[in-house]
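Here is a set of questions and answers for someone meeting this structure for the first time. Each answer ends on the item asked for.

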Amino acid sequence: MKRKYVALALSIMMSISGPISVFANPIGEQEIDSELAMKVAYGFLNARENSDSIVEGLPDDYSLESSLILYGNDDRPSAYKFDIMDEDNSYSGYIVIGAQEIYAPVIEYSFSDSRGFLDTLESNEKGYYVGGINYYAVEDDGSMKDIITGDEIENTVTKLRSNDRVEGKDYSKMWDEIYENFGSDQVISPMYIEDPADLEYGYDKLRIRNLYDGALASYRTKDDFPGDAGDCGPVAAVNMMILGYESYDLDLKDGSWTSVYNRLFDLSECDPDRGTYTHLLASGIEEYVTDCGYRNANIDWDWIDSETELMSNVKNDVFQIIQTQSPSLYDDHYVFAFGYEEYKYTNYSNVYFAIADGKYDGVRYIMYEEPDFLAVVTAEF
């Protein structure tokens, strides 16, 4: 990446946009304006690009374009989406930045030439982000849908506003660090916290951990199979088999991937509309891999207590499917998680898990939030 052009483009953008107030936000004490959000996005992406561990890198001479404002339950901006564009102005991914101090500075990001879920909003829909991995769209008539799955939500805007999904984590110190770095005309640089397996090799700014070739596997989406709204579990299980087959030389492809999907759908007792339970998904995977000859494979499931166990799974080559949730607003959703990236702001950290979400092409990096990560299905071969 030719960084001098990126820096020049950012300087030009800032000059055109006008000065950025650093210590006194002109909008309000807890709001972040879009210009500061773009600087945070550039700083985060450039810091990540400096790591030798990345698999999905940025295009040369990339730039960011503001493409969407999402709103919170108070109808104030809650997040900004910036599109990553290459030197030919072609779409190459996105990054979502918090617009209020109650949200994380970097919410999620993705690198792909295929458009993602946030680009599915219609002209008559308003997008909402209310913390964690919770995105919703509200139409002019007040009807709602989950943006990620596209499922209709039996709810109202009033109900949405009463469900504040921001729980537990305090991001104010991270924002204080960002203000301080911008005050010295320096972009924030997230730093790697700790990796017990690599401590002996010294300190590294950013250490990215993935299952082998996890970001390069040819994952499938729901559109590749004949199922309905509730089949995210079998789709996640197929993506688990795909990584094992393509990267670990495991004989987990019994026929076509559609036939694998059909088998896992049946074994997990999946309902086309309502989906399947975590224990049934685990037992279905166990029966399938046993039929493939892996009788000693350890397939299990458990409730998620912290991000530490999910990170440990990646370090130990344990395959995992995460069950995400938003109890009051939409049904559970299964995703295949194969890696993580951990960043540090002074003494505070965020962990982003790399997932194939089964809905859209491309890898999403979603931030760990305890209320939204419910259970995990694991497989050791």
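**Strands, rings and cavities**

Q: Which residue in the turn of the hairpin formed by β1 and β2 has a positive phi?
A: The model is a predicted one. In it, β1 and β2 make a hairpin, and five residues lie between the two strands. The turn residue with a positive phi, about 65°, is D75.

Q: Which residue in β2 stands opposite L64?
A: Strand β1 (residues 63–71) runs antiparallel to β2, and eight bridges join them. The residue of β2 that L64 faces is I84.

Q: What is the bridge partner of A79 in β3?
A: β2 also pairs with strand β3 (residues 91–98), in the antiparallel sense and over six bridges. These two strands form a hairpin with five residues between them, where N89 in the turn has a positive phi of about 65°. In β3, A79 has as its bridge partner G98.

Q: How many of the nine residues of strand β2 are buried?
A: Strand β2 covers residues 77–85 and is mostly covered. Buried means under 20% relative accessible area. In β2 the number of buried residues is eight.

Q: Is W257 buried or exposed?
A: Among the 31 aromatic pairs found in the whole structure is the edge-to-face pair of Y245 and W257, with 5.7 Å centre to centre and 85° between the planes. Y245 belongs to helix α5 and W257 to helix α6, 12 residues apart. Y245 is partly exposed, at 37% relative accessible area. W257 has a relative accessible area of 7%, so W257 is buried.

Q: Why is the pair of Y294 and F381 edge-to-face?
A: Planes over 60 degrees apart count as edge-to-face. The ring centres of Y294 and F381 are 5.8 Å apart and their planes are at 85°, so the pair is edge-to-face.

Q: Which residue lies over the face of Y71?
A: R48 lies over the face of Y365, 5.6 Å from the ring centre. For Y71, the residue over the face, at 4.4 Å from the ring centre, is K126.

Q: Which strand gives the most to the lining of the largest cavity?
A: The whole structure holds three cavities of 30 Å³ or more, and the largest has a volume of about 80 Å³. Of the 12 residues lining the largest cavity, those closest to its centre include H333 and R364. Both β12 (330–345) and β14 (363–367) supply at least two lining residues. With three residues, the strand that gives the most is β12.

Notes
Residues are numbered from 1 along each chain as its sequence is written. This is a predicted model: local features need pLDDT of at least 70, side-chain atom pairs count only at pLDDT 80 or more; totals for chains, interfaces and linings use all residues. Side-chain values use heavy atoms; hydrogens and water are left out. On a 1 Å grid over the protein atoms alone, a cavity is a set of points where a 1.4 Å probe fits but cannot get out, and a pocket is an open set with protein on both sides within 12 Å along at least five of seven lines; lining residues have an atom within 4 Å of a point. Grid points are joined across faces, edges and corners, and a volume is the space filled by probe spheres set on the points. Helices (H or I, at least four residues) and strands (E, at least two) are DSSP runs, numbered from the N terminus. Buried means under 20% relative accessible area, exposed over 50%, partly exposed in between (1.4 Å probe, protein chains only). Two strands pair if DSSP finds at least two bridges between them. Rings of Phe, Tyr and Trp (its six-membered ring) pair if their centres lie within 6.5 Å; planes under 30 degrees apart count as stacked, over 60 as edge-to-face and the rest as tilted. A charge sits over a ring if NZ of Lys or CZ of Arg is within 6 Å of the ring centre and within 35 degrees of the ring normal.
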